[in-house]
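Here is a short report for a first look at this structure. Keep the view open while you read.

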Amino acid sequence: MSAQPDHAPVTIYAPAPGAPAELLAQLRADKRADRWVPAFERQWAAALEESRRTFSLGGLYEVVQEWQGLIASAPAVDAFVASGYDDSDFIDMAELRGRRR
């Protein structure tokens, strides 16, 4: 019998040490900087405080990963909006739930 666990441990994404600063520079250079920079800074500050309390970097890693994804998907979102696609038939599920009550 082996003392090794029978499952693989979850690998946590660990960004490069300079990733938060690079990310902030990218956010500041974006046309949405007036909204994105304060939002990132709020999330980063909250994750940093959580990290101090829990001695875990997981929250900081999640903030970096979430914002990297946002920046990576922004060109596709911009292209979709610019295409003039008619999304007027969009169904707001929250609105539907409110009607049922």
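## A buried arginine

Arg32 counts as buried, at 12% relative accessibility. Buried means under 20% relative accessible area, exposed means over 50%, and partly exposed lies in between, with a 1.4 Å probe and protein chains only. Arg32 sits in the loop between α1 and α2. Leaving aside neighbours within four places in sequence, Arg32 is in contact with Ala74 and Asp78. Contact means heavy atoms within 4.5 Å.

## About the model

This is a predicted model: local features need pLDDT of at least 70, side-chain atom pairs count only at pLDDT 80 or more, and totals for chains, interfaces and linings use all residues. Residues are numbered from 1 along each chain as its sequence is written, and side-chain values use heavy atoms, leaving out hydrogens and water.

Helices (H or I, at least four residues) are DSSP runs, numbered from the N terminus.

## How α1 meets α2

Helix α1 covers residues 19-29 and helix α2 covers residues 33-54. Their axes come within 8 Å and cross at roughly 155°. That makes α1 roughly antiparallel to α2. Angles over 145 degrees count as roughly antiparallel. Axes are lines fitted to C-alpha atoms over the stretch in contact, and angles run from 0 to 180 degrees between N-to-C directions.

From α1, the contact uses Pro20, Leu23, Leu24, Leu27 and Arg28. From α2, it uses Ala33, Trp36, Val37, Phe40, Glu41 and Trp44. By class, that contact has 9 nonpolar, no polar and 2 charged residues. Ala, Val, Leu, Ile, Met, Phe, Trp, Tyr, Cys and Pro count as nonpolar, Asp, Glu, Lys and Arg as charged, and the others, Gly among them, as polar.

Which residues of α1 are buried? They are Ala19, Pro20, Leu23, Leu24 and Leu27. Seen down the axis of α1, they fall within an arc of 130°, so they line one face of the helix. The arc is that of the directions from the helix axis to the C-beta atoms. Their cover includes α2 and α3. On the other side of α1, Ala21, Glu22, Arg28 and Ala29 are exposed.

## The nonpolar core

The largest nonpolar core has 16 residues. Such a core is a set of buried Ala, Val, Leu, Ile, Met, Phe, Trp, Tyr and Cys residues joined through side-chain atoms within 4.5 Å. Leu23, Leu27, Trp36, Phe40 and Trp67 have the most contacts inside it. Phe40 touches Pro20, Leu23, Leu24, Leu27, Val63 and Trp67, not counting residues up to four places away in sequence.

How values were computed
Helices (H or I, at least four residues) and strands (E, at least two) are DSSP runs, numbered from the N terminus. Angles under 35 degrees count as roughly parallel, over 145 as roughly antiparallel, 65 to 115 as roughly perpendicular and the rest as oblique.
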